[in-house]
Amino acid sequence: MSDSLMPLKGQVAVVTGASRGIGRAIASRLASEGADLVLGARGVDGVEAASAALAEEYPDGRFLPVGCDVSSWDSVSELMDRTVEKFEKIDFLINNAGITRDNLVMRMKKEEWDDVLAANLTGVFNTCRLAARQMLRQRAGRIVNITSVVGLLGNAGQVNYAASKGGIISLTYSLAREMASRGVLVNAVAPGFIETDMTAAMPEAAREAMSEGIPLARIGKPEEISALVAFLCGPGASYITGEVIRVDGGLAIGC
Ligand code: NAP
């Protein structure tokens with residue numbers, strides 16, 4: 001394939017939560033544009049299966065599946081060490097791993113708060129902090145954080161999730177300011193309601209009610225998120241940093 005169709009050839013991307021859903025679609029899209037990939041998730045079987053499928057589809061690509069819990073500093077440290085050991089650099093860090101533990105605040109257990117903040121927000125701090133040294137040394141890098149429109153709008157039953165996603169937006173703004181002078185661009189993508197295991201777990205009535213509020217009148221696909229992530233990693237996004245871009249069918253227009 002010609003290099004113009006492989007704009008990310010020779011570049012190395014770390015994608016967290018790459019075993020399924022949006023993260024799996026991001027890994028696939030970046031691989032299709034030529035990137036080598038490190039695929040992280042807690043379940044080793046999941047990332048190994050995703051990695052094997054990508055290796056079959058893209059025989060010229062290089063893939064490293066790593067069992068990693070982003071909420072653990074030591075686990076992320078090992079992920080970054082193994083990445084640099086194998087690929088000698090980190091061009092893109094895609095912070096996609098995330099969980100929900102929904103409950104109304106009066107019923108929310110402390111563990112439900114702690115687990116979501118640890119995975120969704122501390123996880124992003126851990127990966128950014130541990131990839132930053134390498135990116136600053138390179139004087140280049142792109143970080144894309146997957147937040148949510150819930151971080152902009154709030155959502156009843158999701159104070160933990162909304163706080164974690166709002167935190168990612170503030171982290172993105174601050175990190176973009178810190179790292180701009182060293183050539184590292186930091187942006188966030190805010191999906192709306194996307195068809196994955198995370199949303200499949202919702203009751204049908206709640207899914208229907210949610211879809212009715214979307215101006216484009218349908219649920220989004222993971223590939224509609226991964227297309228933007230690939231753009232933000234590519235040459236066309238060289239003057240974009242500290243931005244939060246919604247991909248939500250219009251759900252949060254004006255926010
Ligand atoms: P998903 O289908 O549940 O997949 C989540 C992925 O994250 C899996 O690969 C999972 O693998 C991994 N993961 C979870 N906790 C982790 C941890 N502590 N460390 C490392 N990996 C972890 O979710 P999704 O719908 O694709 O969502 C992906 C991201 O998009 C999340 O950040 C989510 O908040 C965000 N988002 C989703 C939607 C939506 O409508 N789906 C909307 C807005 C934002 P393991 O379980 O094996 O670790």
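This is a predicted model: local features need pLDDT of at least 70, side-chain atom pairs count only at pLDDT 80 or more; totals for chains, interfaces and linings use all residues.
**How the helices pack**

Two packed helices are described by the angle between their axes and the distance between the axes. The table sets out both values for each pair.

| Helix pair | Residues | Angle between axes | Axis distance |
|---|---|---|---|
| α1 and α9 | 21-32 and 222-233 | roughly 50 degrees | within 8 Å |
| α3 and α4 | 73-87 and 110-138 | about 35 degrees | 9 Å |
| α4 and α6 | α6: 159-179 | about 15 degrees | 8 Å |

Let's start with α1 and α9. Their axes cross at roughly 50 degrees, so the two helices are oblique to each other. The crossing is right-handed. On the α1 side, the contact uses Gly21, Ile22, Ala25, Ile26, Arg29 and Leu30. Their partners in α9 include Pro222, Ile225, Val229 and Cys233. By type, the residues of this contact are 10 nonpolar, two polar and two charged.

Next come α3 and α4, which also pass each other in a right-handed crossing. From α3, the contact takes in Trp73, Val76, Ser77, Met80 and Val84. From α4, Phe125, Asn126, Thr127, Arg129, Leu130, Ala131 and Gln134 take part. Seven of the residues in this contact are nonpolar, four are polar and one is charged.

Helix α4 packs against α6 as well, at an angle of about 15 degrees. That angle makes α4 roughly parallel to α6. Here too the crossing is right-handed. Among the α4 residues that meet α6 are Glu112, Trp113, Leu117, Leu121, Phe125 and Leu136. The α6 residues they face include Val159, Tyr161, Lys165, Ile168, Leu171 and Met179. The residues of this contact divide into 16 nonpolar, four polar and two charged. Phe125 of α4 belongs to the contact with α3 and to the contact with α6.

**Around the ligand**

Which residues come nearest to the ligand? Of the 30 residues around the ligand, they are Ser19, Arg42, Asn96, Tyr161 and Thr196.

How values were computed:
Residues are numbered from 1 along each chain as its sequence is written. Side-chain values use heavy atoms; hydrogens and water are left out. Axes are lines fitted to C-alpha atoms, for helices over the stretch in contact, and angles run from 0 to 180 degrees between N-to-C directions. Helices (H or I, at least four residues) and strands (E, at least two) are DSSP runs, numbered from the N terminus. Angles under 35 degrees count as roughly parallel, over 145 as roughly antiparallel, 65 to 115 as roughly perpendicular and the rest as oblique. A crossing is left-handed if the near helix is turned anticlockwise from the far one by less than a right angle, and right-handed if clockwise. Contact means heavy atoms within 4.5 Å. Ala, Val, Leu, Ile, Met, Phe, Trp, Tyr, Cys and Pro count as nonpolar, Asp, Glu, Lys and Arg as charged, and the others, Gly among them, as polar. A residue is near a molecule or strand if one of its heavy atoms lies within 4 Å of it.
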